[in-house]
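Dear colleague,

I am handing over the structure below, and my notes on it follow. Please read them with the model open beside you.

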Amino acid sequence: MDYFSKRYHPPGTSPGTLTRPEGAEAAAFVITLVDYSESEFLEKELATVEECQAVLSRPTMTWIDIAGDVSPAALSTLGELLGLHHLALEDVLNTGQRPKIEEYEDQLFVVLSAPNLANDKITLNQVSFFAGENFVVSFHHGNNSGFGEIRNRLRKGVGRIRTQKVDFLLYALIDTIIDHGFPLLDSLGERLEDIEEELLAKPTKSTLNDIHLIKRELLLIRKALWPQREVVNYLLREEHPLITPATKVYFRDCYDHTVQIIDLLETYRDMTASMLDVYLSSISNRLNEVMKVLTIIATIFMPLTFIVGLYGMNFGNGNTEGSPWAMPELNWYYGYPMAWLVMIAVTAGMLIYFKRKKWL
Amino acid sequence: MDYFSKRYHPPGTSPGTLTRPEGAEAAAFVITLVDYSESEFLEKELATVEECQAVLSRPTMTWIDIAGDVSPAALSTLGELLGLHHLALEDVLNTGQRPKIEEYEDQLFVVLSAPNLANDKITLNQVSFFAGENFVVSFHHGNNSGFGEIRNRLRKGVGRIRTQKVDFLLYALIDTIIDHGFPLLDSLGERLEDIEEELLAKPTKSTLNDIHLIKRELLLIRKALWPQREVVNYLLREEHPLITPATKVYFRDCYDHTVQIIDLLETYRDMTASMLDVYLSSISNRLNEVMKVLTIIATIFMPLTFIVGLYGMNFGNGNTEGSPWAMPELNWYYGYPMAWLVMIAVTAGMLIYFKRKKWL
Amino acid sequence: MDYFSKRYHPPGTSPGTLTRPEGAEAAAFVITLVDYSESEFLEKELATVEECQAVLSRPTMTWIDIAGDVSPAALSTLGELLGLHHLALEDVLNTGQRPKIEEYEDQLFVVLSAPNLANDKITLNQVSFFAGENFVVSFHHGNNSGFGEIRNRLRKGVGRIRTQKVDFLLYALIDTIIDHGFPLLDSLGERLEDIEEELLAKPTKSTLNDIHLIKRELLLIRKALWPQREVVNYLLREEHPLITPATKVYFRDCYDHTVQIIDLLETYRDMTASMLDVYLSSISNRLNEVMKVLTIIATIFMPLTFIVGLYGMNFGNGNTEGSPWAMPELNWYYGYPMAWLVMIAVTAGMLIYFKRKKWL
Amino acid sequence: MDYFSKRYHPPGTSPGTLTRPEGAEAAAFVITLVDYSESEFLEKELATVEECQAVLSRPTMTWIDIAGDVSPAALSTLGELLGLHHLALEDVLNTGQRPKIEEYEDQLFVVLSAPNLANDKITLNQVSFFAGENFVVSFHHGNNSGFGEIRNRLRKGVGRIRTQKVDFLLYALIDTIIDHGFPLLDSLGERLEDIEEELLAKPTKSTLNDIHLIKRELLLIRKALWPQREVVNYLLREEHPLITPATKVYFRDCYDHTVQIIDLLETYRDMTASMLDVYLSSISNRLNEVMKVLTIIATIFMPLTFIVGLYGMNFGNGNTEGSPWAMPELNWYYGYPMAWLVMIAVTAGMLIYFKRKKWL
Amino acid sequence: MDYFSKRYHPPGTSPGTLTRPEGAEAAAFVITLVDYSESEFLEKELATVEECQAVLSRPTMTWIDIAGDVSPAALSTLGELLGLHHLALEDVLNTGQRPKIEEYEDQLFVVLSAPNLANDKITLNQVSFFAGENFVVSFHHGNNSGFGEIRNRLRKGVGRIRTQKVDFLLYALIDTIIDHGFPLLDSLGERLEDIEEELLAKPTKSTLNDIHLIKRELLLIRKALWPQREVVNYLLREEHPLITPATKVYFRDCYDHTVQIIDLLETYRDMTASMLDVYLSSISNRLNEVMKVLTIIATIFMPLTFIVGLYGMNFGNGNTEGSPWAMPELNWYYGYPMAWLVMIAVTAGMLIYFKRKKWL
C-alpha cells in the first residue's frame, strides 16, 4: 500500500469534471444488470450503459454493477439516465476517496473502502454505490467475490433479499464489503502472532522490518476503515425515505461489525508499538551478552599476558647478570611452576568474581 | 488469548444463517431450566429444548440456561418458541462478538464477555442473554460458577431475587459476569507487582517477555470489557418496559463496577508501558557496568603489558652490546625494581583516576 | 500503594450483603456525634450507634462521624435508623470504591478517596458520606485531621458553618478531603524536583527506580482522584433539594480545586515520562564516555605493544646471526632511541587525532 | 518553516491598529478586479483601491484580488469603501493567523492557510477573504496558481461559476486553497517512502535528520490545516444569508477534502514516530554487529597472544638452565609444533563456539 | 518555574479566610486609580484603599489597579466597599490559582495567568480582575508593561476605549495579558530552533538538559494557559449584563489568540518529544562510531601482536638448538622480512574487509 493513493485533479479544476486524472490509464469495465422483484429475476451483462434504460422504467428493482475502471463517458451517460449529481460522479472516478455517505435529494451516494487480501498482499479498493427509489448502482475494482454471492442469493431467493426493497440490497452489498475485514484481520492476527513468537525467541533484523511494515499497513487500513463507522451509523440513525425501519436492524448488525473491526485494528496497533519497544530491549540484551563474553575473555587474559610478558623481560641478561635485584624469580628453582600457580590463581579469582556477578 | 478469536461466516453469507462456521466442531451442551415465582420454585435439566414449552405458558418467571456450545438446530427451535430474532441467534452461534445490547421489539438481547481465570490462564467467553416479559435465556461457555450461586439464591430465596421481576434476574446474571473482573484484576495486579519487583531488582530476558505478554493480555481484555460499560449504561439510562426503576439502582451499582474495572485496566496498561521503558534503561545500566569492568581492566593492564614488552626487546643483544644507547635500563643495578616501581605507579594512578570518576 | 486495593465479595453474592470480605480483619471504630444549630452545640463520643436516635428526632443538625473500620452490625443498625440503602451500605464496607455520588430518594451518598501523606508514604483512604435532610454521616479511615478542624469551627462557630443547613457541613467535609491533595502534590512536586536535579547532574540506578515508583504513585492517585471531579461537578450542577444555591458557590470553589489537582497530576505524569527518556539518554551518554576511555587507551597502547613485541622477536639469534636481513634495527647504534622516537610519534599522532575528534 | 511565524503588535496595542508590525518590510502588491454576471465579464488590473468604487455600485458580482503584501493605507481605504471591520483588517495585515471564519453583520471574513510546494520547499501563506452581498475580496501572498485558473473559468464561463451568486466564487477560491494540500501530501508521501526504504535498508545519520525534519514539517502543517476543517464545517452547517443551499453541497465536498488531508497528515505523523523507533533499533543492531567482530577477534587472539607470551618467558636462561622445572617444554623436541597444535586447537574451539552462538 | 507554585491554607480552614498563607511574606503594593468617562480623565496613586470611595459613587468608570502583593487588610476593606465575595478575595491572596471566571451576582471575577519573559527567564504571575457595573479592579504582580500602555490609551483616548463601557476596559486588560503569550512563544520558538540545530549537528549532554528543561517549561505553561481558553470562551458565549454585544466581537479576537497560543504550545511540545528521540538515536550513532574505531584498531593490531609474540618465543634456545622443529623460521635467511610481509598482508586484508563493510 502506498502512503498516498488518491487520484485528484489539479487545484482549481471545475468541480464535477469527469475526466480521468493524468497518469490514470483507461481500463476495461464490465456492466452486469440484475433486475428482480419477488416473482421475477433477470440477469445479463450489458455492452453499453444505455441498455439499462428499458428496465429502469419498470417497477421492479434494478441493480447495475460496474466492475473495473468505468469510462468517463459511460459514467456521464449513466448520470444523465438516473439523475446522479456530478460531484458524486467525480468521486467515483477519482478513486482513493475517504468513505462517506451523501444525500442528494432522494438519492444516497455511499463510498466505501473494500479491504482485499490476495497472496498475503493487502489492497484497498474504492467501492461506490448510488441508491435511488428502485435501483442500486455499484462501482468496484478488483474481485469482490462477495458480490457474486449476493447475485446467487438473489437468483435463488435465499433469505429475505428478494422480498425486501432496494435498501436491503444496499445493506447486503455494504455488509459484504465490511465483512471482508474479518478474514483480513484474521490473517493480520496470525502474522502478528508469528512476529511475536520470533520476537520473544530470536529477534533478527527482518523481525524489525516486519513489525514496521505491519504497523504501516495497520495505520493505512485504519485510516481507510475508520470513517466507515460513520457511514453505517448514518444509515442506522438518520431518517431517510429510502431506508425502511426493518432494514435498520440489519444496519445495526453491520455497524457492530465496523466497530469490532476498528477495535481490533486499534488493539493490533498498540501491540506493534509494544513490539517495537520489546525489540529494542532484546537487541540491548543481546549486546549485553556479547559484551560480557568480551569482558570475561579480556579480564582473564590481560593479567595473564602481563605476567608472561613480565618474565619475558631481559633484565639480568647483560652486565647485571647474577645481580640479586635482576629478576631473581627467573633463577628460582621452582620459578616457572610458581608463575603457573600465580596465573591459575588469577584465573580462578576472576572466574569466581564473574560467577558471583552471575555473568557465567 | 489469541489476537483474533471471532467466529464468522464468509463475507456475502445471508444474515441470520444458523450454521456453525467452518472449523468449529460440534460440542455437547446442557440445558438447565429454572422456573420460579415468589411462592414456587422448579429446577430441572432438560434433554431437548422443546420441553420448556409447557412452563413458558405459565405466568411464573422462567430462566433457561444453556451451558456449552448450543447446536444450531436447538437454537433455531428455541428461536421459534420464544420469537427470538434470527440476527441475534446468529450472534449466539458466532462467538467472539463485541459486548452489546440490542432491542428487538419487546425483547432485549445482551452479549457480554466473561473473563475467566483458571490455572493462571485468562480466557474470555461470550455470554449471551435474551430477556422477554417473563423469561431469561442465557448461553455461556466454560464454568461460570457465579450462575450456580444465583440458582442457589433463587432456590433459597436469598435477598430480593424471588420477589422481583425477571429484570432483577437479568441484573443478577450480568452483575455476576462483570464481577468476575475483580478476581482477574486482583491476580493481574499481583503479577504486575511480581514483575515490577524483579524489574527493579534484577531484570532478565524473561522479565521482558513477561511484561510484553501481560501488556498483550491487558490490551485484549480491555478491548473485550470496554464496550460492557456502554451495555450497562444502556440498561441504566434508557427507558425500556422490561427494566423497572427499582432495578435501575442495581444497574447503577453494576455500571460503577464496569467503570472501576476499566479504570484499573488503563492504569495497569500505563504501568506496563512505563515498565518497558524502565527495562530498557536497566539493560543499558547493566551494559554500562560491564563496560566499566572491561575498561578498568584494559586501562590498567595495557600500559603494564607495554612496559614489560618494552624490556623484552632485544636491543643490545647483538653487536651493540655495551652501547650506552642500547637499553641501558637493563644494565642498571636496580633496573628491575625500578620497572616494578613504574608499573605500580601507573596502576595506582589509574586506580585514583577511576576512583575520582566514581567508577570504582 | 498496591495496584489492586478494592475489597469485594465473590461474584454471585447477593447485592447489599453486609459482611466483611474474607481477609479483612475486624478493627475498632469510634463514633463521634455532633449536634448543632445556630444556637446550640453538643459533641460526644457514642458507645453504640443506637444512642444517636434521641438526637435525630430533634430539628437540629446532626453529624455522626465514624472513624475506623465500622462493624457490619453497627452499619446495619445505622442503616435502619436513617433509612439508608443497602447497596450504599455495602459500598461503605467494601472499601476501595471509585469516588462517586448517588442519589437514593431524598438522600445523597458520596464516596471520596482521601489522599494522605505521612512519613513520605502516600495512602488513599475511602471516605463515605450520607447526607439526609438534617444529618450527615461520615465514615473514614486513618487520621483526617481536617475533620477535627471542622469540629473546631462548629464548636467556635467560625464562619458560616453554624448558620447554614447540613449541605454546608457536607461541603466543608468534602472540601477538606479534596484540599488534602494540595500538600500531597506539594510534596510530590518537591520529590520530582529532587529527582530531576539528580537526573540532570548524576543519574544512578536508584534515580531510575525513583522515577518509576513516583510514576506508579501518580497513576494510582490519578485513577483515584479523577472521578472526584465528576462528583463535585454533580453537586454543583444538578438540582437536588438538599443542596441550596448559596452552597453551590462553595462547591464551585471546590470543583476548581479538584480540576487544579488533576491538571497538576497530569503535568507531573508527563514530566515523569520525559524523565524516563532523559534517563535513558543519560545512560547512553555515560556509556559513550566509558567507551571513549577504553578506545583511547586501546588505540594508544596497542600499536606501542606491537612495536615493543616486534623488537622482542628472536630473529638473528641463531644461525642467521649477523645476516643483514635479520632485524638489522637491533644492531643499529641508535636503534633503541629510534624505537622510542617511533613510539612517541605514534602516541602523539593518536592524541592529535583524538583532540580533533573532540574525544579529549 | 519556522516554529513561530506570526506577525503581532506589542501587547497592549489598541485593537484594529493598521500598521505593519516592526520588522515587516513594505512590499509591492497587485490589485486585480474581476466583475461579472451571467452575461458580462470584465477583468482589469487596478492602480489604486479607489478605482473599484465605480464597479461596486452595479448589481454585478465583483472579485477584488490583492496579491502580495497590501499596504496599510490601501487596506484602510478598502475597509471604508466596503464597510469591513477594523479587527478583520488587522488580521489581514498580521499574517500568520490561525485559519478561522468570522461573521461581521452581513459579511463573512475567512482566513485560510495555503500550503505551497515549490522546489521541494513547503511554505504556508495566509489567504484572507471578505465576502459581502455582491463582492469577494481576496488577499494572498505567493503564487497561488489556482486563482488564475478560476479567473479562466470565469472568463470562459466553465461550469456553473458565472450563473451562481458570489458564494460559489467564495467556494471555488476556498476549494482551490484546500486542494493544494493534495499535491503537497503526494510529495510528502513520496519523501516518506524514500526515507522508509533507506531506513529499512541502510540507515545513516542523515536518515535520522530527514525523519526529524519531515516530522517537524508535518506537525507545523497539521497545526495550520487542522482549523480549516472547522472553517469549512461552519460554511456547511451554519445558516448564513450569503450561503445558498445549492452551494452547501459543494462545501460538503470541500469539507470532505479537508478531513481527508488531516487524516493523511495524522497517518504520516504516526509513521514518522514509528520510523524513529525503527531507526534506534537499527542503530543498536549495527552496534551489535560491530561488537561481535571485536569480541570474536579478541576472543581468538587473546589466548593465542598469551600462549606465545608464555614461551617468550626467560625461565631457564640463567643459573636454572637445565632444571627440569624451568620451562621444560622449550626443550622438548616437538615443543614448537606442539605449541602450534595447542594454538590451532584453541582457535578451532573458539570458532565452533561462535558458530553455535550463531555469531558467525 | 516550580512544579508546585500554589499558595494554600491547610485543609479544613474556613472558606474565605483572608490571611497570607504561611511562608508568604508581606510585600509592598501600589494602588493606582483611573477614573474616566468620554469627557473626563483622572489618574492618581492612592495611599489607602478607602480613598477610592469618593470616586466610586460618581457615574464615571473607575479602574483600580493594585500592583504587588496586596495586604489582607486592604483587600478586606476593598471587598466591603465594592461588595466582593469573600471566596473570590481569598483566591486573590492565594496566588497560583487556575485561570477561571466566576459570576457573583452582577459581578464577574476573572483569574488569569500572565506569562512574563525577562532575561530569558519565564515567570507566570496571577492576575485577578473584578468587574462591576462601573468599575474594574485588577490585581497583578510583576511588571505587566501592557497595563501602562492601556493607561496611556485611556489618557490619550486612543481608539474606542474611552467611549465604551467598562467591559471594553476589561477586554483591553485581558487581551494585554493574553497577548504576552506571543513574545514568549516567539522566544521559545527561537530556543527550540537553536536546540534543534545543535541536536542535528553536534548534540552534547547540555543539549539533553536543554530539551528536558524546555519541555518542562512548555508543560507548565500549557497547564497555566490552557484554562484561559475556557475563560475567554465564557466571556464570548455566555449572556451576562456586563458584557455588551459590541465587545463580544473583541473577545472573539481574544479567543482566537488563546487558541493560537495553545496550538503552538502543543506543537512545540510534540517537537520536544521528537527531539528526545532524535537525541537518543544520535548518541547511539556516536557510540557506534567510537566502537568502530576500537574494533578497527583491535582487529588490526591483535593479529600483529600475536605474530611478533610468536617469534619472541624461546623454542630452540636451549638443548633443542638446531632442531629442525624448533622455530625454523628464525633461522631462515629472509625470516624477518617474511614476518613483515605476513604482517603487512594481514593488515591489508583487514583494511580491505573494513572498506567493504563501509566502516572506513
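In what sense do S4(C) and strand S5 (residues 107–118) of chain C pair, and over how many bridges? The two strands pair in the antiparallel sense, over five bridges, where pairing requires that DSSP find at least two bridges between strands, and where strands (E, at least two residues) and helices (H or I, at least four) are DSSP runs numbered from the N terminus. Within S5(C), C:Gln107 is the bridge partner of C:Tyr104.

This is a predicted model, in which local features need pLDDT of at least 70 and side-chain atom pairs count only at pLDDT 80 or more, whereas totals for chains, interfaces and linings use all residues. Residues are numbered from 1 along each chain as its sequence is written, and chains are lettered from A and ligands numbered from 1 in the order in which they are written. The predictor gives the complex an ipTM of 0.89 and a pTM of 0.91; chain A averages a pLDDT (the predictor's confidence in each residue, from 0 to 100) of 90, with 96% of its residues scoring at least 70.

The sheet of chain C is open and mixed in pairing, its seven strands running in the order S2-S1-S3-S7-S6-S5-S4. Strand S2 (41–46) and strand S4 (100–104) of chain C are the edge strands, each pairing on one side only.

For chain A, the domain assignment, which is automatic or from a database, gives domain 1 (29–282) and domain 2 (287–356); their centres, taken over C-alpha atoms, are 77 Å apart.
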